[in-house]
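Colleague: Please take a close look at a single part of this model, and describe how that part sits among its surroundings.

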Amino acid sequence: MLAFIIKRFVQSIVVMLVVGLIAFVMFRFVGDPVDQMVGLETSIEDRERLRETLGLNAPLPMQYWNFISSAAMGDFGTSYQFKRPVADMLGDRLPATLELALVSAIFALCAGIPMGVFTALYKDSVLTKLFQAISLVGISLPTFLIGILLIYVFSVQLQKLPSFGRGEVVDIAGWSTGLLTVSGLKALILPAITLGLFQMTLIMRLVRSEMMEILRSDFIKFARARGLTPRAVHFGHALKNTMIPVITITGLQLGSIIAFAIITETVFQWPGIGLMFLQAVQDVDVPIMAAYLLMIAFLFVFINLIVDILYVVVDPRIRIEKA
Amino acid sequence: MSMNKETDEKMSVIARVLDSDIWYSFTRSKVTMVAALVTFLIFASALFAPIISPHDPFDLASLSLMDSLLPPAWNAEGDPNYLLGTDDQGRDVLSTILYGSRISLAVGLVSVAFAAVLGITLGLVAGYMGGRVDAIIMRVADVQLSFPAILIALLIDGTVNALVGGMDRERSAFTVLVISIGLSFWVQYARTVRSSTLVERNKEYVQAARLIGLHPFLIMLRHVLPNVMGPVLVIATINLALAVITEATLSFLGVGIPGTQPSLGTMIRTGNDFLFSGEWWITFFPGAMLAALVLAVNLLGDWLRDALNPKLR
Amino acid sequence: MSDTLLGVKDLVVEFSTRRGILTAVDKVSFDLERGEVLGLVGESGAGKSITGSAIVGLIDPPGRIAAGTVHLAGQRIDNLPTEKMRHIRGDKIGMVFQDPLSSLNPLYSVAEQLVETILTHKDISKKQARDRAIELLDEVGIPAADLRIDDYPHQFSGGMRQRVVIALALCADPELIIADEPTTALDVSVQSQIVSVLKRMCSEHGASVILITHDMGVIAEAADRVAVLYSGRMAEIGPVRDVIKHPQHPYTKGLMGSIPTITQKGDRLTQIPGSMPRLTDRPPGCAFAPRCEMATSACHQSHPSEENVGTARVACHLITKMGAVA
């Protein structure tokens, strides 16, 4: 098993390097770094000197190496637009996105798994048809439309929940959290549902189809033939086997939640890294774009690695070598 | 006499289709039939938009700011000329929806076609050539699969837009969108086709073809492709819904179709600004159209997947 | 207490599909004595597995038991409510399926699966259940049972796995064991081992066995009586020696003739022309008539009823006409 982990780790590094290359190319060649940093009046000699200082005349592989090593240490350069270190800006906005992502993931899991199990076990119930209708809506409505709809109903018409911003936040050791205030929690509700609905739908459908597939399998038939209680058959055996693919896919979804946050943050003007990235795209603020890309890639690669390891731990077929 | 034989053959094909399991399961499900009808209607209205829409929303000369922000016709302040109201530029919402869904569908269909062609080709190459080519293609596929399509599309779109600059955006938006969306969706096709190719490659007729001197690649094309069309069709249908959503999302975010010739997503973006001041129709109707289209296509895709799945029959 | 453990009478199992109602088991009747091994043979699709599943109440929609009765030790079990039937399953009737790898949950160790089953039917402590589990594994012939009990299914070889499956079926000491193609997925060398395990369980525990298979060799080795199914109907049933040596039904004759034996001289195996009719187009008369050399017009028109011929019961028009055929 150790060999497996090492192999995956090495693969992750390779992927990061490749993504780093893409980010570097973007950074270096989209727009001119020097032009972005100086005013129009700056002389050509000053520009050349700046070029030299920034290391822009060094051979490309060396520039790439500098870029990667600085990024690895947390230095992502300076924003063209805001003239602030990108790393600082990221640090400011990251808690907002992470909280949002986490809350929606929890929502998606807590709603999706039970719904999926229910629709797999009780195929003809009215509730099942309702859940399936909801799942269809969740998959079909684009995230931004759901957000707008929720805003219209709860903010414009009912005026019960805020339609933008995080509400009041509390700063704990550099991490600003909205979970500790009422207004913060209220502000979290609509965005979390918007972000989580699609994921919830996916999880529900996945659990349903996996469970239905497993309920048809031989070992379930044998379990029933042994007279095991329905609870043992459905939950002890069927559900446990369903969980493996579900864990995998859910873990992978966690990364995409963070990416989808871009949309939700736009709709709700949520001050997270997604919104920051979008503005950077519109302003062509390349350092932020590159940094965001690197960060997301890192997150994905890291999550994938964890999920792969978790998979091995959970499934004894892989964990234990054959006799 | 020969004409009768031809019509006979045609009739027997139709008869076979009507007797098939697929048609049976299609007519059994009322939901699916409604979905198919809705899809057809939207496709048709998008196709014939220039003919059936009451105004031309892209003709800047015909717009009048005096007519802007009018509510739908059944409202007291509405104008029967503009059935669903107008937006802030004076564009008729109904006409804009028709033209807008045209653009949305066009982007969707072309990008799905692009993704399919790219994916199928790469899948065939990977499956047939095996070895390092296969490994590389599949590695790229795996890595890409772990990133959500929207992110990839956004990155490509954003970067290209940054490179191209503002002026040319109007013309290039369509192409850039199609390429970015297409590039983010090719993987599923590739995987499916690759596994089919791997199965076929080892069959004896491929070896036999090699011996005869025929290029096995072409032989496999003739045999793999038919096998794979079913799953590819299912993927493509569900893909279409996703592509339309992705385009709408990108447009909503401001990096898709620009505002002068809006797609449904762009319209929603515009309308969002007016939601709080009460002009809900600018957002609602494009939103409803988008939702209806995607819902219908998804239902069709669901049905298609179940109908073509041998395990469930 | 009578010696008849299981009574199946006029059992009919139907499936409703889009092409109409298909009858998979058509008025099958047989009895099973205590301690007896009954073989149930037939081609794929003849209805043997479905008969087995019907006895334990595991026919799922769109299938159902449409008619007939099943009695176990005098008590009718085919119409029991689900929960009551569940108690009978595993406790009074044990089942063994074909593929041992897919029959076992790959995520649980053998110990966990055994203990769970034992505790479902017996009110004892976990420790006692585990001891009993080790005993069972020992009985079915797994070496070093106490060491291997915590292993996972994929760590056992095919034959060992099937023994684990048999142990699982025996957890609650059932009176009846239904073995559905227990040897089909195994290597030939392992098959006879499994058959002897089954026989031993039968004699040591006093259980009766229904042995469902298409392999006549297994039947010859293990069964006391054999029932031949064809297209959902019983063609012939009788003591194994008699049916093999003196088959009465034309289908059984064809079957026996198509099995190669070392002592048999000749250059060709008999082959029955044609194939068993699909469930969707079964002929109106005797199901075998289209393939039978000796079919008469009566054969094509009506179902034959079962008649006694010596030690066997045979369903064939020719029997009633001509009496016993040597």
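Colleague: Which elements do the buried residues of α9(A) pack against?

Modeller: This is a predicted model, in which local features need pLDDT of at least 70 and side-chain atom pairs count only at pLDDT 80 or more, while totals for chains, interfaces and linings use all residues. Residues are numbered from 1 along each chain as its sequence is written, and chains are lettered from A and ligands numbered from 1 in the order in which they are written.

The setting is chain A, whose secondary structure comprises 13 helices and two strands; helices (H or I, at least four residues) and strands (E, at least two) are DSSP runs numbered from the N terminus. Its C-alpha trace spans about 85 × 65 × 35 Å along the principal axes. Of the 323 residues in chain A, 41% count as buried. A residue is buried if 20 or more other C-beta atoms lie within 10 Å of its own, exposed if 12 or fewer, and partly exposed in between, with C-beta atoms placed from the backbone. Contacts require C-beta atoms, placed from the backbone, within 7 Å. Among contacts in chain A between residues at least 6 apart in sequence, 71% join residues at least 24 apart.

Helix α9(A) covers residues 218-225, and six of its eight residues are buried, so the helix is largely enclosed by the rest of the structure. The buried residues are Phe219(A), Ile220(A), Phe222(A), Ala223(A), Arg224(A) and Ala225(A). Within chain A they pack against α8 (182-215) and α10 (230-268), and from chain C against β6 (93-96) and α3 (100-103). Just after α9(A), Gly227(A) takes a positive phi of about 80°.

One of these neighbours, α10(A), also meets helix α7 (residues 143-157) of chain A: their axes come within 9 Å and cross at roughly 30°. That makes α7(A) roughly parallel to α10(A), a term for angles under 35 degrees. Here axes are lines fitted to C-alpha atoms, for helices over the stretch in contact, and angles run from 0 to 180 degrees between N-to-C directions. On the side of α7(A), the contact is made by Thr143(A), Phe144(A), Gly147(A) and Ile148(A), and on that of α10(A) by Phe260(A), Ile263(A), Thr264(A), Val267(A) and Phe268(A). By class, this contact has six nonpolar, three polar and no charged residues; Ala, Val, Leu, Ile, Met, Phe, Trp, Tyr, Cys and Pro count as nonpolar, Asp, Glu, Lys and Arg as charged, and the others, Gly among them, as polar.

Turning to the partner chain, 25 residues of chain C are in contact with 21 residues of chain A. On the chain C side, the elements giving two or more residues are α2 (82-88), α3 and α4 (110-121). The largest share, four residues, comes from α4(C). By class, that side has ten nonpolar, ten polar and five charged residues.

The strand that α9(A) packs against, β6(C), has Ile93(C) and Met95(C) pointing one way and Gly94(C) and Val96(C) the other way, and all are buried. In a regular strand the side chains alternate between the two faces of the sheet. Strand β7 (residues 176-180) of chain C pairs with β6(C) in the parallel sense over four bridges, where pairing requires that DSSP find at least two bridges between two strands. Val96(C) has Ala179(C) as its bridge partner in β7(C).

Terms used. Contact = placed C-beta atoms within 7 Å. Parallel < 35°, antiparallel > 145°, perpendicular 65-115°, else oblique.
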